[in-house]
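Me: Please go through this model with me in questions and answers.

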Amino acid sequence: MVGKITFYEERNFMGRSYECSEDSPELYTHFLRCNSIRVGSGNWMLYERPGFLGYQYFLRKGEYPSYQHWMGFNDYIRSCRMIPAYQGSYKLNLYENFDFLGRSIELQEDCPSLYERFQPRGVRSCGQVEGFWIFYEHPHYRGRQYLLWPGQYRRYSDWGAQDGRVSSIRRVTDF
């Protein structure tokens, strides 16, 4: 599947634009700021800093007339990555301690409020990740976002977080 995303410097799809159809670790040469986006196809993760670092923003097909519409903290988008289509099963094991230790929780479905459902003391590591998942800092898919690719995450810094605050979790499923 080929993805398509168009970045605009001004709100409401105005000003200079740049169309992208692949991962791009450095977008700064194409535009100075990003105030609106059209996602023509695919699911994308946008990053505040070059090299897929900093705040992350998940966008699926649709129109985002201002950075507030994608829960952005500002108009900085410096890199982007298309999330590949995935047809397999979804599985995620969460652990309260680093290195897959302590109490664990297995998920196979979205969870809008991790604390209401399981009451963990935090998420410090995550193992046996099947499928693509997004961790959210706050319940009901709000706050900072972190994309998890299939694999093992021995500590929360491995998925880009500064602490183990994960309050809701969603699968990346709609392609």
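Predicted model: local features only at pLDDT ≥ 70, side-chain atom pairs only at ≥ 80, totals over all residues.

Me: In the open sheet of four strands, what is the strand order?

Reply: Strands here are DSSP runs (E, at least two residues; helices are H or I, at least four), numbered from the N terminus. Two strands pair if DSSP finds at least two bridges between them. The pairing in this sheet is antiparallel, and the order is E9-E8-E10-E13.

Me: Which residue of E9 stands opposite Leu-92?

Reply: Strand E8 (residues 91-97) runs antiparallel to E9 and is joined to E9 by five bridges. Opposite Leu-92, E9 places Leu-107.

Me: How far apart are the end C-alpha atoms over residues 42-84?

Reply: An unreviewed UniProt entry carries the annotation "domain: Beta/gamma crystallin 'Greek key'" for residues 3-41, 42-84 and 131-173; such annotations may be inferred rather than shown by experiment. Over residues 3-41 the chain is 0% helix and 51% strand, with end C-alpha atoms 5 Å apart. Residues 42-84 are 0% helix and 51% strand, and the end C-alpha atoms are separated by 8 Å.

Me: Is Arg-121, which meets Glu-96 in a salt bridge, buried or exposed?

Reply: The structure holds 13 salt bridges, each a side-chain nitrogen of Lys or Arg within 4 Å of a carboxyl oxygen of Asp or Glu. Glu-96 and Arg-121 form one at 3.6 Å, N to O, linking strand E8 to the loop between helix H1 (114-117) and strand E10 (125-130), 25 residues apart. Glu-96 is buried at 8% relative accessible area (buried is under 20%, exposed over 50%, partly exposed in between, with a 1.4 Å probe and protein chains only). At 71%, Arg-121 is exposed.

Me: How many residues apart in sequence are the parts tied together by Arg-171 and Glu-109?

Reply: The closest N and O atoms of this salt bridge are 3.2 Å apart. Arg-171 is buried at 18% relative accessibility, whereas Glu-109 is partly exposed at 46%. Arg-171 lies in strand E14 (residues 168-171) and Glu-109 in the loop between E9 and H1, so the parts they tie together are separated in sequence by 62 residues.

Me: Which strands give two or more residues to the lining of the largest pocket?

Reply: A pocket is an open set of points on a 1 Å grid over the protein atoms alone, where a 1.4 Å probe fits, with protein on both sides within 12 Å along at least five of seven lines; lining residues have an atom within 4 Å of a point. The largest has a volume of about 370 Å³, the space filled by probe spheres set on the points. Of its 21 lining residues, the closest to the centre are Gly-54, Gln-56, Tyr-146, Trp-159 and Gly-160. The elements giving two or more residues are strands E4 (43-49), E5 (53-59) and E12 (142-148).

Terms used
Residues numbered from 1 in each chain as written. Heavy atoms only, no water.
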